[in-house]
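Morning, everyone. Please have a look at what is on the screen, and then I will go through a few parts of it.

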Amino acid sequence: MCRYLINIFLLYTILTTSGISQGANQFLGAKEKRQYLESMQQKLAPLKQLKANFAQTRKISAFKDELISHGIFYFKFPSQLRWEITKPIKSLIIFNENIAKKYRFKDGSWSPRDFAGAEFMKIVMEDILSWTKGNFNKTSETYDLKVSKQNEIILTPKSTKTTTFISAIELTVDPKTKYIKKVLIKDPGNDHVTIQFNSFSHKEFSDKLLFKEPNK
Amino acid sequence: MKSLLIIATIVLASCTSTAPTALDTFNSSSLNFPAEFKATHHLTLKIKDHEYELTGYLIFKSPNNYYAAAYTEAGKAIFRFKMIDGIITTLNKPTILSIDAISEGIGVDLAAIFSNKISENKEIYLTNLIPRNDVSHPKVCSYYSKKFHYSLTIELIDFSESIPEDFKSTLKAM
């Protein structure tokens, strides 16, 4: 009996320390997942605007290097976004009424630029709008969605066309505010991009021209 | 006949207006890039009346080995290609450019520029060079491709002459 108990104890220790049992339980079940997403959407329902600073880090895994850019993100309900990169190259994307426009700051003024990957950028902007409000209904059509017990929403593309450039997206949700505080985009290789948000503010924007074409 | 002449004049004028002017005084030593380096770069590609801007990464080892990548603001890789011993492999490219525009265009152009052998590439000419104060190689380099009719401006933002020792084997494994 004693030997039997020791064996059970050893098996338990091996399973818990190796992560095998954790792996089986790390994601929420279907019911818990639905409740999690509903509570997130409910918490974010009153959100009318949001501003945050961000640091975007692209990891070039093969050469152990990183590309880092910094910027400010503005969201205004229902459909306005401003994605402003302040370093190292000043640029701006304004998404307003389903139209995305890009500008570059050069020689003291903003000028319009073409998008490389315009279709992809529109999808990204629409996704950011939905996710900021905790809405994953449309996302679920194109991604398999899992929620971990560590407040991470894991999105895996269903389409093989998408998996050629994204293998997974991981969103880390702040458990208290339900704001997305980190986005990790994994490439099919080992490269990945991390967007870390901080200094959140939901106060009304004083600048009424944030989502308009910038001054030239 | 007169109308034909007018049309021909207009066509010639429009052709010359799209191609930028070559730098008057230039020789290969103006580039003076070191034998190996890595850098963050900012690219401006002008093609077919469009202008695209991308930020990316470049790692180079003379004479003909390098990896170049450029990304959108959202992080998607638009360009990714590598050259090993002069052979280009395209990993990602924008739809606006053909595979030949990489393998016979930008891919070989970059090798010529960073190897300081641009005068050996007859398909391109330099249109602008902005020197850096602290080093001998330029900070900004612009050229025009006569073969594929694009202008490319490369601005090197962070620059380091230290590259990994296993660079070439890493490149092959990619």
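Two residues count as in contact if their C-beta atoms, placed from the backbone, lie within 7 Å. This is a predicted model, where local features need pLDDT of at least 70, side-chain atom pairs count only at pLDDT 80 or more, and totals for chains, interfaces and linings use all residues. Residues are numbered from 1 along each chain as its sequence is written, and chains are lettered from A and ligands numbered from 1 in the order in which they are written.

Start with Phe159(B). Leaving out residues up to four places away in sequence, Phe159(B) touches Phe37(B) and Ala39(B). Its place is strand β8 of chain B, residues 150-160; strands (E, at least two residues) and helices (H or I, at least four) are DSSP runs, numbered from the N terminus. Between Phe159(B) and Thr40(B) there are 6.9 Å in space, C-alpha to C-alpha, although they are 119 residues apart in sequence.

Is Phe159(B) buried, exposed or partly exposed? A residue is buried with 20 or more other C-beta atoms within 10 Å of its own, exposed with 12 or fewer, and partly exposed in between, the C-beta atoms being placed from the backbone. Phe159(B) has 18, so it is partly exposed.

Now the contact between chains. Chain A puts in 26 residues and chain B 24. On the side of chain B that touches chain A, β1 (36-47), β2 (50-61) and β4 (77-84) of chain B each give two or more residues. The most come from β2(B), with 8 residues.
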